[in-house]
Amino acid sequence: MLSRGAVSGRALRGAVGSPPSRGLRASPRAPSAMPSWVIDRYGPNDVLRFTRNMVFPAINFPNEVIIKVHAASLNPIDLSMRSGYGATALNMKRDPLKLKSMDTEFPLTLGRDVSGVVMECGLNVSYFKPGDEVWAAIPPWKQGTLSEFVVASGNEVSFKPKCLSHTEAASLPYVGLTAWSAVNQVGGLNQSNCSGKRVLILGASGGVGTFAIQLVKAWGAHVTAVCSHDASTLMKKLGADDVIDYKSGNLEQQLKTLPLFDFILDNVGGSTENWALDLLKKWSGATYVTLVTPFLINMDKLGVADGMLQTGVTVGSKTVKHLFKGVHYRWAFFMPSGPSLDEIAELVDSGKVLAVSSSE
Ligand SMILES: NC(=O)C1=CN([C@@H]2O[C@H](COP(=O)(O)OP(=O)(O)OC[C@H]3O[C@@H](n4cnc5c(N)ncnc54)[C@H](OP(=O)(O)O)[C@@H]3O)[C@@H](O)[C@H]2O)C=CC1
């Protein structure tokens, strides 16, 4: 197997900006249409439509692969996108090079997670070959995975963990990469600096939270998980040291009885950030990271330029305000990344991260 660092692997997989003509490869086996769940307008569940005639995805860039979808999954973002969340920003990114004469994003396929098998590779892809079992989280500005086939950049794809079925594997990439982005890339925690750190996870029983607990436990942290009572057994099973029921009284007061934290991951948002930063150790590099941000909502409401300006002002002023109080305040976002999925696959195959089923 080629290493990701090899020129034929990682370097060529980075060629997102290359002209499309370099990567086109006709597939002798590709059908012209495929089954998909699509939406033709934003709205409630009944906008979902099943079709057998969705256009088969094409390789437009030399570093892209076509994946035959064996399993896909849904996240809260799919429900939000179905209702129009992020349409302004995501549509702008959907066709930045104006490759297609698209008047509209519809029919739009939702679904970010995929576990499946590589069917076709662009000319510059040598890290994967047809037949490889892979998993990925496709960014929201691309057509999604509720289809028989999906196209992804090689940089977004990784070999599926061997110990998981396709169905289990499809539950992890989007939440895993979101947690990875928040904890590691934005929050700065990693295997070498996390041991003994006190980590608080708000909204710990959801997709992102259940992954984040396992990730920081694998790196040696002490984890306090906040969730409702019925999830407490699961939290303990995943490694949480303390479990706090947010429905059993004033959460802020309950958490104030505990020692201060080095890191807080907020999956809940709202008024939580008005008091949660007071739970951090001061002047010690302690960090609060929230995943609940108004970034896309600002653009939907105000347009791209004013939305970005508003976002910059909001995050900038909050960051500075909290810096003066001795703590770091950050926003985090899902980031598609094959290399990060490689690291997650290792954690899964070594038994340190489990796929959580709905029956648990
Ligand atoms: N910025 C980004 O790029 C991304 C942001 N997100 C955001 O992160 C958040 C988490 O995502 P995800 O894990 O997939 O969502 P889920 O819906 O799977 O999980 C949310 C969890 O939060 C719990 N919860 C709700 N209210 C509270 C509360 N007051 N205190 C503690 N826990 C609470 C719920 O538990 P219960 O049902 O027991 O109340 C639920 O298990 C969402 O808001 C999502 O929009 C997610 C992905 C990417």
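Predicted model: local features only at pLDDT ≥ 70, side-chain atom pairs only at ≥ 80, totals over all residues.
Glu148 counts as partly exposed, at a relative accessibility of 28%; here buried denotes under 20% relative accessible area, exposed over 50%, and partly exposed the range in between, computed with a 1.4 Å probe and protein chains only. Residues are numbered from 1 along each chain as its sequence is written, and side-chain values use heavy atoms, with hydrogens and water left out.

Glu148 is located in the loop between strand E5 (133-137) and strand E6 (149-153), where helices (H or I, at least four residues) and strands (E, at least two) are DSSP runs numbered from the N terminus. Apart from neighbours within four places in sequence, Glu148 is in contact (heavy atoms within 4.5 Å) with Met34, Pro35, Ile67, Lys68 and Val69. With Lys68, the side chain of Glu148 forms a side-chain polar contact of 3.0 Å. A polar contact is a pair of N or O atoms within 3.5 Å; within protein, one atom must be able to donate a hydrogen and the other to accept it, and residues adjacent in sequence count only if both atoms are side-chain atoms.

Across the protein, the secondary structure comprises 12 helices and 13 strands, and 50% of the 360 residues are buried. Of the contacts with a separation of 6 or more, 72% involve residues 24 or more positions apart.

A polar side-chain atom of Ser205 is placed 2.8 Å from an oxygen atom of the ligand, and a backbone N or O atom of Val208 lies 2.9 Å from a ligand oxygen atom. A nitrogen atom of the ligand is 2.9 Å from a polar backbone atom of Leu291. The protein buries 68% of the 920 Å² that the ligand exposes when taken alone.

In helix H10 (residues 295-302), the buried residues are Leu296, Asn298 and Met299. Viewed down the axis of H10, these residues fall within an arc of 155°, and so line one face of the helix; the arc is that of the directions from the helix axis to the C-beta atoms. Gly303, which follows H10, has a positive phi near 90°. His322, in helix H11 (residues 304-324), is buried at a relative accessible area of 7%. Beyond neighbours within four places in sequence, His322 is in contact with Leu277, Val327 and Tyr329.

The peptide bond from Phe106 to Pro107 is cis, with omega near -5°, and Pro107 is situated in the loop between helix H3 (87-94) and strand E4 (113-121). Trp283, in the loop between helix H9 (272-275) and strand E12 (287-290), has a positive phi near 55° despite being a residue other than glycine. Trp283 is exposed, with a relative accessible area of 64%.

Methods: Areas by Shrake-Rupley, 256 points an atom, 1.4 Å probe, with all protein chains shown as cover.
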